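My notes follow in the order I made them.

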Amino acid sequence: MRVAIISFTETGDKLGEQIAGCLKGFEVIRTGKNFNRRSESLADWTGARFRDSALIVFIGAVGIAVRACAPYIVSKRSDPAVIAADERGRYVIPILSGHIGGANGYARMIAAHIGANAVITTATDINGCFAADEWAVKNGYAVDDISEIKYISSALLGGSTVGLVSEFEVKNSLPDGIVSGSGRECGLYIGDKPRAVFDHTLCLIPKRYIIGVGSRAGAETDALIELVTGLLDEYGIRADAAAAVASVDLKANEPSVGALAKQLGVTAEFYTADQLCSVRGDFTESEFVRQVTGAGNVCERAAVLCGERLGRKTRLVVRKTAGKGVTAAIAEMDWSVEF
């Protein structure tokens, strides 16, 4: 995940360095007054970061951030999280994509690290209500129709109860305001495919499918996307139900694998041949693949291993399928609902 931090003064530069220190595991790019200075306008810089970053941190006035971002704002589903922090590090303010983009959570994390106050303004947060969209993103669900979020939040803020219908086992107690059953005006539905269970239904789709892939060196970038898209359509699996793309570490820089992960909006996970060989199961083995990669099968083994690494029992649902110099398989993780 890429994080972009921009500052405009020497004091802001120092704060940016401090903030970067709490973003372990993230790819952080920084632009400041005295280093990595912009060669383009702030507007162009911001537009580029909207395309390639999941979180943007402006160190300066909120107004600067708002004006810079305004031309590029599209929707809650696609906009990056945007945070503004004053250069003295007193306040950290999420201003865009607080729930689905995770800006509220990032703001709290950064504020705790630098000793600031996180200024959270979303109604569910300040009133202590369950935020269905934020919970969904944190727990591996795709939100089918984000326009339904307002009905859920409005009901909870008004003291009404919201229903829950799940195709998967619910393992623990429900949040305040959420009750099991469908006899209400609005509610949550959790399942592999959307269903209009309520007059206003917020459908949450578990991201429980792992796409295991293999690619010949130099395979056409679009070949893998075409193969996987076709398989998802054939087996009735939604693209937004994908949790990750997985392959052997030899393919970590293969353009086709990166392009597929970007298309699906997921991370690409890579494993050594020894790790792949450690997976137990009935796999489609190939001596040629073994000679090239060290494992007799890449796509099937990688898909299962990735799901197991995520802590869930995993099984193949689509076996190795070959395309134009590429292969793909799909594994399904067992699922349960935990609040």
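Entry 1. I started from a single bridge pair in this predicted model. I found G212 opposite A246 of β13. I then looked at the strands themselves: β12 (residues 209-215) and β13 run parallel and are joined by four bridges.

Entry 2. I traced the sheet around that pair. It is an open sheet of five strands with mixed pairing, in the order β14-β13-β12-β16-β15. I noted β14 (267-271) and β15 (314-322) at the edges; each has a single partner strand, so one side of each lacks a neighbour in the sheet. For the twist I read an average of 25° from one strand to the next.

Entry 3. Which helices lie across these strands? I found α8 across β12, β15 and β16 (326-333), at about 40° to β16. Helix α12 (residues 299-309) lies across β12, β13, β14, β15 and β16, and runs at about 155° to β15.

Entry 4. I stayed with α8 (residues 221-234) and checked α9 (residues 255-264): their axes come within 7 Å and cross at roughly 45°. The crossing is right-handed. On the α8 side I listed T221, L224, I225, V228 and L232, and on the α9 side P255, S256, V257, A259, L260, Q263 and L264.

Entry 5. I searched the whole structure for salt bridges and got 15. I looked up one of them, R238 with D144, where the closest N and O atoms are 3.0 Å apart. R238 is in the loop between α8 and β13 (242-248), while D144 is in the loop between β7 (141-143) and α7 (149-157); the pair links distant parts of the chain, 94 residues apart.

Entry 6. I moved to another open sheet, of six strands, with mixed pairing and the order β2-β1-β3-β4-β5-β6. Here β2 (27-31) and β6 (117-118) are the edge strands with a single partner each, so one side of each is left without a neighbour in the sheet. I checked β4 (residues 81-85) against β5 (residues 91-96): they pair in the antiparallel sense over four bridges. For A84 I noted I93 of β5 as the bridge partner.

Entry 7. Helix α3 (residues 62-69) lies across β3 (55-59), β4 and β5, at about 20° to β5. Helix α4 (residues 103-114) lies across β3, β4, β5 and β6, at about 165° to β5.

Notes
Residues are numbered from 1 along each chain as its sequence is written. This is a predicted model: local features need pLDDT of at least 70, side-chain atom pairs count only at pLDDT 80 or more; totals for chains, interfaces and linings use all residues. Side-chain values use heavy atoms; hydrogens and water are left out. Two strands pair if DSSP finds at least two bridges between them. Helices (H or I, at least four residues) and strands (E, at least two) are DSSP runs, numbered from the N terminus. Contact means heavy atoms within 4.5 Å. Axes are lines fitted to C-alpha atoms, for helices over the stretch in contact, and angles run from 0 to 180 degrees between N-to-C directions. A crossing is left-handed if the near helix is turned anticlockwise from the far one by less than a right angle, and right-handed if clockwise. A salt bridge is a side-chain nitrogen of Lys or Arg within 4 Å of a carboxyl oxygen of Asp or Glu.
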